[in-house]
Amino acid sequence: MADGDEKEDMETRPAFESADRGSFINISAVGGSSSSGHSILQFSPLQSTVDEGFWRKLADLKLEVLGISENPLEVTGFYAPMFHEQVSNHLKLLSESLQPDPGRGTSVSIKFSGNRNLCPVPGILYNMNTLDTFKALDRRALFNLEVQKIWEDIHSGKVEEDSSLLCRFFLISYADLKKWNFYYWFAFPALVLEPPAMLTDLRRASEVFSIEETFVLFSLKGTALLAACNEWRQSTSTAGVPFFLVHIISNVVVRLRPLRDWEACQQEGGKVLLGFYDPCHLPANPGWPLRNFLAFAVVRWGLERATVLCYREKGGFGDLQQCLVVDILVSTPPGWSNHELVPKAVGWELNSHGKLGPRLINLATEMDPKRLAISAADLNLKLMRWRALPSLDLKCLSSTKCLLLGAGTLGCQVARNLMAWGVRHITLVDRGHVAMSNPLRQSLYTHDDCLNGGKLKVNAAAENLKCIFPGVEAEGVSMTIPMPGHFVTADELSNIMKDCMQLKDLIDSHDVIFLLTDTRESRWLPTLLCADANKVAITAALGFDTFLVMRHGAGVGLSIDTDAPKMLGQDGPLEFEDLAASASERREKRLGCYFCSDVVAPVDSTRNLTLDQQCTVTRPGLAPIAAALAVELTVSILHHPLRINAPADEAGFDDSSVEQPLGILPHQIRGDIAHFSQMLIKGYASKRCIACAETIVSEYRTRGIDFVLEAINQPTYLEDLTGLTELMNLAKHFNLDWED
């Protein structure tokens, strides 16, 4: 069997690999006799170069597709003939070396067929999940497996059809995506000829084939050979074929032919040389690919002597001054006639210290800081998809636009939690400045933001969000939200109308609206606009030791029983009826909004307040809890098949007919930190709601800004319109007889 690292392990390999451990061949004699006696043929080892794009592509593939899988991956390496007289070409891995969808098995080499500078060769990647697994890999077994593939390809005749199989390679790797460290080790298996191939003559091609009229050694003009080589290299069907036959038919006729034409060349007569793309630049040594080529020729054609053209280029064309012509003697090693006996092989690449061992590359220092931050931020979310939450829709989250009304204690916490879930578009609305008391509880502000009267909260919050995570698109809008009970004078009218229109435009341009203000009346107009536009609205409100987190129901006329939009399922667009079919037995009324349980319209709650009433006095841990639940509720809505139309679930609810990867989806969450308790409550939309009732929404759609102004300036207008006034009057005259 092949022995990939027994003798080489932990030892320094010589600069050149001699053939005393591999290779024989026998071709028609074409070269001259040796003038210096026989010597062991030595080969220049192949070296690797990995483009940064390959590692980035592997990182994306690992996170998005592979997960914890350690199955081997097909990769495509690329090499080309030497084209610089002082530098050898390496086998390269590019971003295109990896298949975008490993499951489909589409060959990358098809894309690069005909590219003369990217000759594709097949390879295998073994990427491990941990560094310990990488270190504990049975490298010898993996090496032997690839050697066996080469051996079988030679015996089966596959090499005649695809000569790149002689250059099979593989690498083992471990990707530390937290630190962006990549450990890797290449192997280029080469069969060992025992006894070794002997060199009888090695000359530059210019000394063998004359460019002038006087012929040297061969009655052949070098121009005929160069013409044949250039024709082979320029053809899209042969440019990427690294091994070929040089058929010399006459003094002026030379053809390059595929390996499968060997018998035809013998029958047609003339002289035949073995040719290959030589990546090596050294003047006295052929490159590594020749090793397996000689082994192939020995096994398939029984050659004992061969003349080889080591094809090299300069300036994009064949150059006889750089090309080598090598005359070689080979002997068939004992046992090679037995197909079942796989010969020994060598080929592990040395590391940067010239020793056998893996290499390490760190891309963190090479990456743009913003790009590095985005990759690090997405890492945890992508890892969720490996096991815990495969259905997590990161594209949905990153494209969702969130509007936060209020940039105080709740707004700061909600913004940070949204970023942690992968939301990348956040707009904050507030009109306040950062005060000295803010930074302790409002996590987006610092002491410097309080100086000189304090920065506008929305500007400071947006700036600090970008400092925390450069990949977020954060914007601040300083404005006042028009509120019922806050009388509008004639001088203020134009500004209030402008604020109303600006708020409407903001809600229309966002997907999820968070109501995080600290007064009841400031939530009224946003609630109305969300009901009109059918936007997902999330309310979070705080008491001293209690909190409320709730989602508003669908807009008027767009409840679960009516016109829902088409949504995208795994197999394409789905009609709403298809999505709701599994929930047909639990269709309910439209869920209520923040105001649906009220029987009075909001009024100015900021008048005549003591200092403790003017400030939002709450236990410090309350806002982070409520903000976290508000964001979790939002993410659950975005992942529910019915989105805003999803009915309310209760504690202990379990319906396998509707996929809910994040668990149940409640309507309201009411918490009491004094008792460390939490309740799930469900409430339906009220026909007399002052914010989302059909009467209110219809009136707004009819009268627009005039309706809003009347609601602001007339304290009882909303109650009169919805019938709450009449209901309260009836209640006053309702008599109850109490029994003893």
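Predicted model: local features only at pLDDT ≥ 70, side-chain atom pairs only at ≥ 80, totals over all residues.
**Charges over rings**

I started with Arg 523, which lies over the face of Tyr 594, 5.2 Å from the ring centre. My rule for a charge over a ring: NZ of Lys or CZ of Arg within 6 Å of the ring centre and within 35 degrees of the ring normal. I also looked up Arg 139, whose charged end sits over the ring of Trp 348 at 5.1 Å from its centre.

Numbering runs from 1 along each chain as its sequence is written, and side-chain values use heavy atoms, with hydrogens and water left out.

**Aromatic pairs**

I find 27 aromatic pairs in the structure. I pair rings of Phe, Tyr and Trp (its six-membered ring) if their centres lie within 6.5 Å; planes under 30 degrees apart are stacked, over 60 edge-to-face, the rest tilted. Trp 262 and Trp 301 make a stacked pair, 4.3 Å centre to centre with 10 degrees between the planes. This pair links distant parts of the chain: Trp 262 is in helix H7 (residues 262-268) and Trp 301 in helix H8 (residues 290-301), 39 residues apart. Helices (H or I, at least four residues) and strands (E, at least two) are DSSP runs, numbered from the N terminus.

Buried means under 20% relative accessible area, exposed over 50%, partly exposed in between (1.4 Å probe, protein chains only).

Next I took Tyr 277 and Tyr 311: their ring centres are 6.1 Å apart and their planes at 45 degrees, so I log the pair as tilted. Tyr 277 sits in strand E13 (residues 271-277) and Tyr 311 in strand E14 (residues 305-311), 34 residues apart. Both Tyr 277 and Tyr 311 are buried.

I also noted one aromatic cluster that includes Phe 54, Trp 55, Phe 169 and Trp 180.

**Salt bridges**

I count 23 salt bridges, taking a side-chain nitrogen of Lys or Arg within 4 Å of a carboxyl oxygen of Asp or Glu. Arg 168 and Asp 153 form one, at 3.0 Å from N to O. Arg 168 lies in the loop between helix H4 (158-161) and strand E8 (169-176) and Asp 153 in helix H3 (residues 139-156), so the pair ties together parts 15 residues apart in sequence. Arg 168 is buried at 17%, and Asp 153 is buried at 5%.

Lys 504 bridges to Asp 508, with the closest N and O atoms 2.8 Å apart. Both lie in helix H13 (residues 493-508), four residues apart, about one turn of the helix. Lys 504 is partly exposed at 25%, as is Asp 508 at 36%. Elsewhere I logged a network in which shared partners join Glu 64, Lys 382 and Arg 385.

**Asn 438**

Where does Asn 438 sit? I place Asn 438 in the loop between strand E21 (425-430) and helix H12 (457-468). Asn 438 is buried, at 9% relative accessibility. Beyond neighbours within four places in sequence, Asn 438 is in contact (heavy atoms within 4.5 Å) with His 433, Tyr 445 and Lys 457. A polar atom of the Asn 438 side chain lies 2.7 Å from the backbone nitrogen of Ala 435.

Technical notes: Polar contact = N/O pair within 3.5 Å; in protein donor to acceptor, adjacent residues only side chain to side chain.
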